[in-house]
Amino acid sequence: MATLSADIGVTYRMRAGDLGALFSTLHAANFLTIGPRLSGEAIILEELNGPEDLPVGWGDEQEAGRYRLRRRADQAFFGYNLGPESWKKFLTPQRQLLWRARRQGATFTIEQPERLGGGPQQLAFIGVRACELAAIRVQERVREVSGQPANDLIDAKCRVATPFLVGVTCAQSAATCFCTSMGTGPALGPPGSSGVGYDLALTEFPSEDDHHFTIEARSERGADIASHIPRQLATEEECDAVRQQSDTTAALMRRHLKLDKPAQLFQDSLEHPHWDEVASRCLSCANCTLVCPTCFCTNIEDTSDLSGDVAERWLRWDSCFHLDFSYLHGGSVRQTTRSRYRQWLTHKLGTWHEQFGSSGCVGCGRCIAWCPVGIDLTVELEALTLSPEVTGVQTGKYEHP
Amino acid sequence: MRRERLKKMAVWKFASCDGCQLSLLDCEDELLTLAGKIKIAHFIEASRAVMRGPYDLSLVEGSITTPDDAERIKEVRRESRTLITIGACATSGGIQALRNFADVREFTSIVYARPEYIHTLAQSTGIADHVKVDFELRGCPINKRQLLEVILAFLKGRRPNIASESVCVECKARGNICIAVAKGVACMGPVTQAGCGAICPAYDRGCYGCFGPKEHANVNSLRADWSEQKGLSPLAMERLFHTFHAWAEPFRQAGLAAKQDLTPEIQRIEAECE
């Protein structure tokens with residue numbers, strides 16, 4: 001195929017009908033394409049064969065504890081907001097085999113699983129939103145700073161090779177979104193501005209007679225892929241439209257999280273009566289941490305088989321909402337739901353800064369939508385900023401985390 | 001070299017449907033290997049050849065519903081080094097614990113021709129209400145993978161990998177989309193202990209809570225959500241809480257609270273009938 005080289009940072013215009021070329025080019029470059037797909041009652045992330053697998057014409061309506069798919073009036077490929085799954089499904093899967101030991105006579109051997117994504121096929125993520133680029137960066141930073149998972153074996157075997165990232169500008173926001181408060185979106189900034197470095201930036205303009213995208217390479221390999229896609233230089237108006245789209249999305253964002261001095265706020269509110277109030281609603285079911293794109297806590301599980309000849313070590317997601325999570329010698333430190341919710345929120349929004357140099361929250365709003373009883377951290381935080389004296393709380397009444 | 005003595009295992013039945021001990025027979029691929037690792041010394045459902053006690057491990061199915069059984073479980077405990085209960089009946093009295101909310105004598109008078117022959121207790125209760133239990137394996141019925149894990153952990157002297165977390169964790173692991181959030185279904189998953197593999201939500205049904213309350217089951221919050229957001233009637237709520245684990249404390253209370261809300265509804269229906 002004749003190719004015209006694409007330059008990094010230059011905005012091109014691409015017909016919607018040519019979106020298939022992005023997939024076929026990635027496939028030809030030996031990438032496995034993963035992206036949004038309609039599955040039952042929600043849009044989830046799975047392997048895609050081509051644009052026909054995208055949730056064409058589907059959108060959604062979200063509120064605290066509520067998610068519903070909705071038909072759109074147009075045929076937008078990316079007209080939906082975030083679903084329950086984040087890219088951590090692939091970057092740090094829920095269960096990973098770390099090693100398997102096999103008894104052989106008086107000795108044993110250790111087998112290591114194939115490195116995920118490090119095989120013949122690399123992963124390409126299609127449709128990564130700005131807040132998700134930020135979330136991938138947050139998880140990267142966690143690994144850099146903490147060396148987590150601490151085990152070298154885990155690190156070498158379980159981290160996928162950096163996937164090819166195709167970002168998409170958000171043309172609308174869900175009612176649960178608040179990325180503007182966290183400085184992570186909705187615009188796809190230059191690489192490294194708030195999120196992880198990425199490869200291509202797409203912005204979609206759905207319309208009946210002129211459905212098109214703008215496409216911009218943000219890396220060398222992004223430019224390589226873009227060079228195989230039919231495109232033309234975007235006009236000045238088309239470039240402005242990209243900016244306008246994310247500006248409009250930002251202006252219409254309905255939820256906001258106000259937190260100027262997180263360390264101070266949480267230090268002052270450790271005994272706030274509102275922790276009891278939220279604990280009266282919290283189910284400690286862990287849904288918020290499971291859907292959160294940055295929650296990274298894991299546990300190690302050792303298993304043995306019936307023959308007694310094979311033992312396995314698994315790494316699996318855990319949650320600070322579980323009783324066993326804080327199990328130390330003699331029992332669990334965080335016995336109450338109050339202490340667990342407080343641990344989660346103060347870590348996510350507060351101590352995360354000291355530990356990893358940023359907030360642990362990117363404002364995607366998944367924890368709000370997918371909480372079965374609709375607990376909304378933006379609202380809880382607001383309540384915590386109210387003076388505890390108003391309700392006459394007694395300090396020292398509760399156990400400390 | 002002296003051969004290591006195989007540990008002896010016994011399986012006991014109290015008031016139950018046999019489904020849980022059937023899970024052991026259901027381990028078709030693993031049963032022969034298991035029989036080579038532990039001596040199945042007393043398992044009447046599988047064989048009438050029984051060995052005398054004491055036993056290293058006893059699996060106990062069923063609840064205590066008769067004066068005789070209340071004595072027999074003590075005997076089982078005396079004969080067992082480790083006692084593990086299997087299933088909802090053994091954990092909290094099972095479905096038959098619904099009698100605990102009514103007068104069992106009224107039932108016997110209707111069901112049996114000669115109710116005076118029936119010697120039964122007023123309540124159906126779990127095994128731990130009568131003797132010390134070393135581990136409770138949940139479920140109605142239990143999950144056979146979990147059963148094997150518990151036996152295996154016992155043989156190795158390690159802690160079994162049986163999580164006390166919610167069914168939600170298994171839903172997410174299985175890739176189920178939360179039907180409570182995406183479809184407005186009343187689901188007991190958030191207050192129910194994991195272990196089943198989130199079967200019901202995978203088939204678009206709300207969790208029935210057959211593994212019983214998870215630790216810190218916040219039933220009041222869920223009940224409030226069902227009533228305010230999902231428009232569930234008190235009758236439907238009572239039935240959800242009062243089925244498999246009706247006598248497990250959080251579910252018992254939540255069901256009773258729902259029933260209290262039901263009173264006006266019953267009065268209305270009664271008034272209409274008159």
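**Domain and chain interfaces in a predicted two-chain model**

Across the interface between domain 1 of chain A and domain 2 of chain A, 1 salt bridge is found, a salt bridge being a side-chain nitrogen of Lys or Arg within 4 Å of a carboxyl oxygen of Asp or Glu. The structure is a predicted model, in which local features need pLDDT of at least 70 and side-chain atom pairs count only at pLDDT 80 or more, while totals for chains, interfaces and linings use all residues. Residues are numbered from 1 along each chain as its sequence is written, chains are lettered from A and ligands numbered from 1 in the order in which they are written, and side-chain values use heavy atoms, with hydrogens and water left out.

Chain A is divided into domain 1 (11-93 + 115-251) and domain 2 (262-302 + 317-391), with bounds from an automatic or database domain assignment. The centres of these domains, taken over C-alpha atoms, are separated by 28 Å. Contact (heavy atoms within 4.5 Å) involves 33 residues of domain 1 of chain A and 30 residues of domain 2 of chain A. Together the two domains of chain A bury about 2400 Å², with 65% of this on carbon and sulfur atoms; buried area is the accessible area (1.4 Å probe) that two parts lose on being put together, summed over both. Within domain 1 of chain A, the most area is lost to domain 2 of chain A by Pro84(A), Lys88(A) and Phe178(A), which together make up 22% of what that side buries. A salt bridge also joins the side chains of Glu132(A) and Arg366(A), at 2.6 Å from N to O.

Chain B likewise has an assigned domain 1 (7-156) and domain 2 (167-273). The C-alpha centres of the two domains of chain B lie 26 Å apart. Here 18 residues of domain 1 of chain B are in contact with 17 residues of domain 2 of chain B, and the buried area is about 1400 Å², to which carbon and sulfur atoms give 61%. On the domain 1 side of chain B, Ser92(B), Phe101(B) and Arg138(B) lose the most area to domain 2 of chain B, together 45% of what that side buries.

Between the chains, 33 residues of chain B are in contact with 43 residues of chain A. The area buried between chain B and chain A is about 3100 Å², 55% of it on carbon and sulfur atoms. Lys172(B), Ile177(B) and Val181(B) contribute 21% of the area that chain B buries against chain A, more than any other three residues. The interface of the two chains holds 2 salt bridges by the rule. A salt bridge with an N to O distance of 2.7 Å links Glu165(B) to Arg316(A).

Over all chains the count comes to 48 salt bridges. Arg13(A) pairs with Glu238(A), with the closest N and O atoms 2.6 Å apart. Arg13(A) lies in strand S1 (residues 11-15) of chain A and Glu238(A) in helix H7 (residues 236-251) of chain A, so the pair ties together parts 225 residues apart in sequence; helices (H or I, at least four residues) and strands (E, at least two) are DSSP runs, numbered from the N terminus. Both Arg13(A) and Glu238(A) are buried, where buried means under 20% relative accessible area, exposed over 50%, and partly exposed in between (1.4 Å probe, protein chains only). Asp376(A) forms a salt bridge with Arg255(A), again with closest N and O atoms 2.6 Å apart. This pair links the loop between H12 and H13 of chain A, which holds Asp376(A), to the loop between H7 and H8 of chain A, which holds Arg255(A), 121 residues apart. Asp376(A) and Arg255(A) are buried.

Helix H13 of chain A (residues 377-385) has as its buried residues Leu377(A), Thr378(A), Glu380(A), Leu381(A), Ala383(A) and Leu384(A). These residues pack against helix H8 (262-268), helix H9 (274-281), helix H11 (337-356) and helix H12 (366-369) of chain A. Glu380(A) has a relative accessibility of 2% and so counts as buried. Residues up to four places away in sequence aside, Glu380(A) touches His274(A), Glu277(A), Val278(A), Arg281(A), Tyr341(A) and Ile375(A).

In chain B, Arg81(B) is found in strand S4 (residues 80-86) and is exposed, at a relative accessible area of 57%. Its contacts, not counting residues up to four places away in sequence, are Arg5(B), Tyr55(B), Asp56(B) and Asp134(B).
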